[in-house]
Amino acid sequence: MNLFSRRRRLEPLLLDYERTRIELHPSSRKRRRSVAKEPYTVAWLEESLRPGDVLYDVGANVGAYSLVAAVAQPEAHVLAFEPGFESYAALCQNLVLNKLGGRVTALPVALGARSQLASFEYRHLGPGQAQHHLGDNPPFEPEFEQRLIEVRLDDLVELLGLPHPTHMKVDVDGSELAVLSGADRVLRSETLRELQLEVDPGDRRIEEALAAYGFSAVATNETPQVLNIRFARA
Amino acid sequence: MLIRNKRVRSLGRVLPGASPLYHAVMKWFLIRRGVARIDYPGADIRIRSNSEEIVHLRLRPLAKEPWTVEWIEENLRDGDVLYDIGANVGDYALIAAAIGGPATKVVAIEPGYATYASLCENVQLNDLGDKVIPLPIVLGEAVRLGSLSYRDTSAGGAMHTMDGSGGAYDQPVLVFPLDELPSRFGLPGPTLIKLDVDGAEAAVLAGGAETLRRPELRSVLIEIEEDRADEVLGHVERAGLTLRRRFDERYGEQLPGVWYGIFER
């Protein structure tokens, strides 16, 4: 029966997270070493999430860090935002595989400065890809351009009655300021304790924007490609 | 992958006369190849065929719903905005975009994550990104966070239910009323609507009362579940649309518990 069941039985693909077994859908192969890529992010999630906390994972990709957060603190809730269609599908598949659909809410929206129909340009197609661009005039030749819903985080929280975040992880490849400018009320709320943003090295605007809300940088992690800054209330 | 006898038999209705073995081999071949041409002769449209559901249900949109294809061909003019609500992997949205003029827009609404991903892939595959706007949302009566319970999680599947639970995965979904899409996100209002949402049609229409009354909206095609037909007809008739044609049969057999209606102003 064999002709038909010849589909290769792959070994389950596991995330390189040692504490708990987290299975990834084969489509997430590109992201299987996410812990090694950002060990400080994993350490931060493990240490700072408390029962009842709410993490917003903005630019969740296939959900590696959302999954880590959900297993590291089972009583926290994670909202994962990912507009790329293939990464969003992979994220949902990973939730199905790990039965974490109850703890992680995956939403296929792009957070931005306005609520509107926007264009989203994919630098490369494929689940787990990144460096896409929201808005017109991408700084690269896109492989595919799509119209999708861009929404202000404040609008989304209010419309859907979402719980305010206690933690935010923002990794949106250039749209950080747009995300923050649509999240005025969320940033103002005392509920929010810590944020981690991936920023462009040399760009001080994000630190300035967050300083206005009383956040200051408490940790910096730099690799040749990326700079991640963690902020907490001063 | 098991070839279930029931599936093979029902595929036999699509191509009467062919043997189950022929279908089994074709299905295996199409899934392995990953891309297949649909049965629409008017345009060269290819879709991803990487799941059993897609091969089984989505490669023959013309055979499955000839009236829908005919409705698109007869009604679609350049500059039209077609809302394909419950677009699945995009068969009919792609047909409309392919045969429509350069100013045609198709808003393809499909919330199921795997099906939505396939829909986007198909838009990209056919290079119709400038005409088709795929939206991963549910249309309903009020803005809220709902959940979609899956009968199964593969692409191209259908018959999921809203706000149930206990399925393979309860996917959180954004629910918006049809009436609010233009004002909230600047989407163009529809001139044509195709609605196929497996039982949720009354909820979609309840959230779209204003849209249904718009004079620009010329024609609406709805898959209607027999049980709730009165409610659906009520919404449509209140908006000044009347039933013009009705389709109850496919391949000479009665459709099970549903019919398709074309309504015009």
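This is a predicted model: local features need pLDDT of at least 70, side-chain atom pairs count only at pLDDT 80 or more; totals for chains, interfaces and linings use all residues.
Residues are numbered from 1 along each chain as its sequence is written, and chains are lettered from A, with ligands numbered from 1, in the order in which they are written.

In chain A, an open sheet of seven strands runs in the order β5-β4-β3-β10-β11-β13-β12, with mixed pairing. Helices (H or I, at least four residues) and strands (E, at least two) are DSSP runs, numbered from the N terminus; two strands pair if DSSP finds at least two bridges between them. The edges of the sheet are β5 and β12 (215-222) of chain A, each of which pairs on one side only. On average, and with direction ignored, neighbouring strands are turned by 15° against each other. Within this sheet, β3(A) (residues 54-58) and β4(A) (residues 77-81) pair in the parallel sense over five bridges. D57(A) has A80(A) in β4(A) as its bridge partner.

Helix α3(A) lies across β3, β4, β5 and β10 (167-170) of chain A and runs at about 175° to β4(A). Such angles run from 0 to 180 degrees between N-to-C directions, and axes are lines fitted to C-alpha atoms, for helices over the stretch in contact. The axes of α2(A) (residues 39-48) and α3(A) (residues 64-72) come within 9 Å and cross at roughly 30°. The two helices are therefore roughly parallel (angles under 35 degrees count as roughly parallel, over 145 as roughly antiparallel, 65 to 115 as roughly perpendicular and the rest as oblique). Their contact joins T41(A), V42(A), L45(A) and E46(A) of α2(A) to Y65(A), V68(A), A69(A) and A72(A) of α3(A); two residues are in contact if their C-beta atoms, placed from the backbone, lie within 7 Å. By class, these residues are six nonpolar, one polar and one charged. Ala, Val, Leu, Ile, Met, Phe, Trp, Tyr, Cys and Pro count as nonpolar, Asp, Glu, Lys and Arg as charged, and the others, Gly among them, as polar.

Chain B has eleven helices and 15 strands, and buried residues make up 49% of its 265 residues. A residue is buried if 20 or more other C-beta atoms lie within 10 Å of its own, exposed if 12 or fewer, and partly exposed in between, with C-beta atoms placed from the backbone. Helix α6(B) (residues 91-99) is mostly covered, with seven of its nine residues buried; among them are Y92(B), I95(B) and A96(B). Y92(B), I95(B), A96(B) and I99(B) of α6(B) meet T68(B), V69(B), I72(B) and E73(B) of α5(B). This contact has six nonpolar, one polar and one charged residues. The axes of α5(B) (residues 66-75) and α6(B) come within 10 Å and cross at roughly 25°, which means that α5(B) is roughly parallel to α6(B).

Finally, the two chains meet in a contact that takes 27 residues from chain A and 28 residues from chain B. On the side of chain A, two or more residues come from each of α4 (85-98), β5 (104-107), β7 (116-122), β9 (144-151) and α5 (153-160). Helix α4(A) gives the largest share, seven residues. The side of chain A that touches chain B divides into 17 nonpolar, six polar and four charged residues.
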